[in-house]
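Here is a short report on a protein model. Look at the sequence and the structure, then read on.

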Amino acid sequence: MIAESKKVAEAALRMAMTESREEEVHLKEFFTKQGIKTVAVDYGGEYISAVRKIIERAVVAAKREGVILETHVDEGAVAGAAREALSQIMPKAMGLNIGGKIGVARRSEHLSVAVFFGVGLLHLDEVAVGLGHRAAPRESDELRNG
């Protein structure tokens, strides 16, 4: 039996690795049937200036697609996991351009953000993957339903 956190992390990684919107939609439907909410968003630019924008995009996309609620707990969980994922690719990406996708996935209190980027300068390309996980309690749901 695979741990819940690993299932959610795999969903985030697979969303970040999609190559088209059609593939995103198909995979999102697949994960929805498993009770995992997902979203993916494209990003490209210079790494250092991109960090803040990538974190913001992950939070905004997760709220827009209903992966998280509009609470500081949920937003902070996405921001923290995104920052962790980006810190893992920093040694390869510092001072270079990146391009690829951010994937966010959540089931229950498990939330993961994955980044899958090409890193390069001119035609010299590298690939980098980062993954962050946070536990984000669903207190907001309990308060609404309680």
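Which kind of contact joins the side chains of Glu24 and Arg21? They meet in a salt bridge, with N and O 2.7 Å apart. Keep in mind that this is a predicted model.

**Charged pairs**

Side chains of opposite charge can pair when their charged atoms come close. The structure holds 11 salt bridges. Three of them are listed here.

| Salt bridge | N to O distance |
|---|---|
| Glu24 and Arg21 | 2.7 Å |
| Glu75 and Lys63 | 3.1 Å |
| Glu65 and Arg64 | 3.2 Å |

Start with Glu24 and Arg21. Both sit in helix α2, which covers residues 21-33. They are 3 residues apart, so about one helical turn separates them. Is Glu24 buried or exposed? Glu24 is buried, because its relative accessible area is 8% and the cut-off for buried is under 20%. Arg21 is partly exposed, at 46%.

Next comes the bridge between Glu75 and Lys63. Glu75 belongs to helix α4, while Lys63 belongs to helix α3 (residues 47-64). The pair therefore ties together parts that are 12 residues apart in sequence. Glu75 is partly exposed, with 22% relative accessibility. Lys63 is partly exposed too, with 28%.

Glu65 is partly exposed at 34%. Arg64 is exposed at 55%. Salt bridges can also share partners: Arg21, Glu24, Asp42 and Lys101 are joined this way into one network.

**Paired strands**

Now turn to the strands. How many bridges pair β1 with β2? The answer is 10, and the pairing is antiparallel. Strand β1 spans residues 37-46.

The hairpin of β2 and β3 has 2 residues between the strands. In this hairpin, Ser108 takes a positive phi near 55°.

Strand β2 is mostly covered, with 8 of its 11 residues buried. In a regular strand the side chains alternate between the two faces of the sheet.

**A nonpolar patch**

Which residues make a nonpolar patch of about 280 Å²? They are Ile48, Met90 and Met94. Met94 lies in the loop between α4 (72-93) and β2 (97-107). Met94 is partly exposed, with 43% relative accessibility.

Definitions and conventions:
Residues numbered from 1 in each chain as written. Predicted model: local features only at pLDDT ≥ 70, side-chain atom pairs only at ≥ 80, totals over all residues. Heavy atoms only, no water. Patch = residues over 30% accessible without salt bridge, like charges linked within 9 Å, V, L, I, M, F, W, Y side chains within 5 Å. Areas by Shrake-Rupley, 256 points an atom, 1.4 Å probe, with all protein chains shown as cover. Salt bridge = Lys/Arg side-chain N within 4 Å of Asp/Glu carboxyl O. Helix = DSSP H or I, 4+ residues; strand = E, 2+ residues; numbered from the N terminus. Buried < 20%, exposed > 50% of the residue type's maximum accessible area, 1.4 Å probe, protein only. Pairing = 2+ DSSP bridges.
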